[in-house]
Amino acid sequence: MPATTSGSLPPPATLTDAQLRGAACVWGGGRLDTSAAMDLGVQPDQRYPDARWYPRACPACAAARS
Ligand SMILES: [Zn+2]
């Protein structure tokens with residue numbers, strides 16, 4: 001199950017395309033290994049009515065915030 005509170009995520013406006021796609025750690029910005037990445041759930045993008053983004057995190061960052 002996704003372990004997340006959207007309040008702990010950075011605002012999508014500050015993130016790179018890779019971070020928004022879940023290709024890079026949403027906190028650290030490092031490229032993610034798919035098998036190790038933590039899925040943080042689909043998030044609504046407040047800037048656009050129907051936009052979604054897909055944050056993922058590396059295990060180290062996820063552990064630091066759990
Ligand atoms: Zn990280």
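Here is a short chat about how some labels in this predicted model come about.

Visitor: Why is Arg65 called partly exposed?

Guide: Arg65 has 14 C-beta neighbours inside 10 Å. Buried takes 20 or more and exposed takes 12 or fewer, so Arg65 lands in between and counts as partly exposed. You'll find Arg65 in the segment after α2 (59-64).

Visitor: What about Ala18, why does that one count as partly exposed?

Guide: Ala18 shows 15 C-beta neighbours inside 10 Å. That count sits between the cut-offs of 12 and 20, therefore Ala18 is partly exposed too. Ala18 is part of helix α1 (residues 17-21).

Visitor: What makes Ala23 and Ala24 count as residues that Ala18 touches?

Guide: A contact needs C-beta atoms within 7 Å. Leaving aside residues up to four places away in sequence, Ala18 touches Ala23 and Ala24.

Visitor: What makes the eleven residues the largest nonpolar core?

Guide: Members have to be buried, of a listed nonpolar type, and joined through C-beta atoms within 7 Å. The eleven residues of the largest such core include Trp27, Leu32, Met38 and Ala62. Ala62 touches Met38 and Ala57, and Ala57 is one of the core residues as well.

Conventions. Residues numbered from 1 in each chain as written. Predicted model: local features only at pLDDT ≥ 70, side-chain atom pairs only at ≥ 80, totals over all residues. Contact = placed C-beta atoms within 7 Å. Helix = DSSP H or I, 4+ residues; strand = E, 2+ residues; numbered from the N terminus.
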